[in-house]
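I would ask you to look at the model on the screen while I go through it, and to keep the sequence beside it.

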Amino acid sequence: MDDRAKAIEFLRDCKYMTVAVVAEGEPWAVPVHIQKSEGFNFEWDSHRKAVHSLAIADNPTVALSMFRLDDGEVHEFGFYAIAEASKIADLPDGRARYIAV
């Protein structure tokens, strides 16, 4: 399998990612569950008043990091990117859906 195929498979199978922001001048990173992914677009749900959600409203530039852990073993393949994030929908219970593109 070539690197492109490995990357596509990896992104398709990845269920979690870390979203890093700058909140009040300080770095902040949080793991989120990926609700939907298409290509290099990733969606997740978070509370609208969470530190990272408020930071995205102020500065939409985020860093993303993903890796896979199977049976306690970290694979050598990972994904790291800079993206623009935004809220795309309000959800019940003070949550919202966000997307990083």
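The structure holds 3 aromatic pairs; here rings of Phe, Tyr and Trp (its six-membered ring) pair if their centres lie within 6.5 Å, and planes under 30 degrees apart count as stacked, over 60 as edge-to-face and the rest as tilted. A pair of aromatic rings is described by the distance of the centres and the angle of the planes. One of the pairs is that of F40 and F79, which is stacked, with 5.8 Å centre to centre and 20 degrees between the planes. F40 lies in the loop between β2 (26–38) and β3, whereas F79 is in strand β5 (residues 73–90), so the pair ties together parts that are 39 residues apart in sequence. F40, F42 and F79 form one aromatic cluster.

Before I continue, some remarks on the source. This is a predicted model, in which local features need pLDDT of at least 70 and side-chain atom pairs count only at pLDDT 80 or more, while totals for chains, interfaces and linings use all residues. Residues are numbered from 1 along each chain as its sequence is written, and side-chain values use heavy atoms, with hydrogens and water left out.

F40 is exposed, at a relative accessible area of 55%, whereas F79 counts as buried, at 14% relative accessibility.

Let us now turn to the chain as a whole. Its secondary structure comes to 2 helices and 6 strands, where helices (H or I, at least four residues) and strands (E, at least two) are DSSP runs, numbered from the N terminus. From the N terminus on, the order of the elements is α-β-β-β-α-β-β-β. The radius of gyration of the protein chain, taken over C-alpha atoms, is 14 Å, close to the 13 Å that the globule rule gives for 101 residues, so the chain is as compact as a globular protein of that length. That rule is 2.2 Å times the number of residues to the power 0.38. Along the principal axes, the C-alpha atoms fill a box of roughly 40 × 30 × 25 Å. Of the 101 residues, 31% are buried.

Contact means heavy atoms within 4.5 Å. Among contacts with a separation of 6 or more, 51% come from residues 24 or more positions apart.

Next, the strands. Two strands pair if DSSP finds at least two bridges between them. Strand β1 (residues 16–23) and β2 pair in the antiparallel sense over 8 bridges, and A20 has A29 in β2 as its bridge partner. β2 and β3 are also antiparallel, over 4 bridges, with K36 standing opposite E43 in β3.

Which residues take a positive phi in these two hairpins? In the hairpin of β1 and β2, which has 2 residues between the strands, E24 has a positive phi near 55 degrees. E24 is a residue other than glycine, and it is exposed, with a relative accessible area of 82%. The hairpin of β2 and β3 has 2 residues between its strands, and G39 in the turn has a positive phi of about 60 degrees.

D93, in the loop between β5 and β6, also has a positive phi, near 60 degrees, in a residue other than glycine. D93 is exposed, with a relative accessible area of 71%.

Leaving aside neighbours within four places in sequence, H47 is in contact with S53, D93, G94, R95 and Y98. At 36% relative accessibility, H47 counts as partly exposed. A polar atom of the H47 side chain lies 3.0 Å from the backbone nitrogen of K49. The C-alpha atoms of H47 and P92 are separated by 9.7 Å, although the two residues are 45 residues apart along the chain.

Finally, I come to A100, in strand β6 (residues 95–100). At 0% relative accessibility, A100 counts as buried. Not counting residues up to four places away in sequence, A100 touches several residues, among them F40 and F42, which are members of the aromatic cluster. A100 also touches A83; the C-alpha atoms of A100 and A83, 17 residues apart along the chain, are separated by 5.8 Å.

Conventions:
Buried means under 20% relative accessible area, exposed over 50%, partly exposed in between (1.4 Å probe, protein chains only). A polar contact is a pair of N or O atoms within 3.5 Å; within protein, one must be able to donate a hydrogen and the other to accept it, and residues adjacent in sequence count only if both atoms are side-chain atoms.
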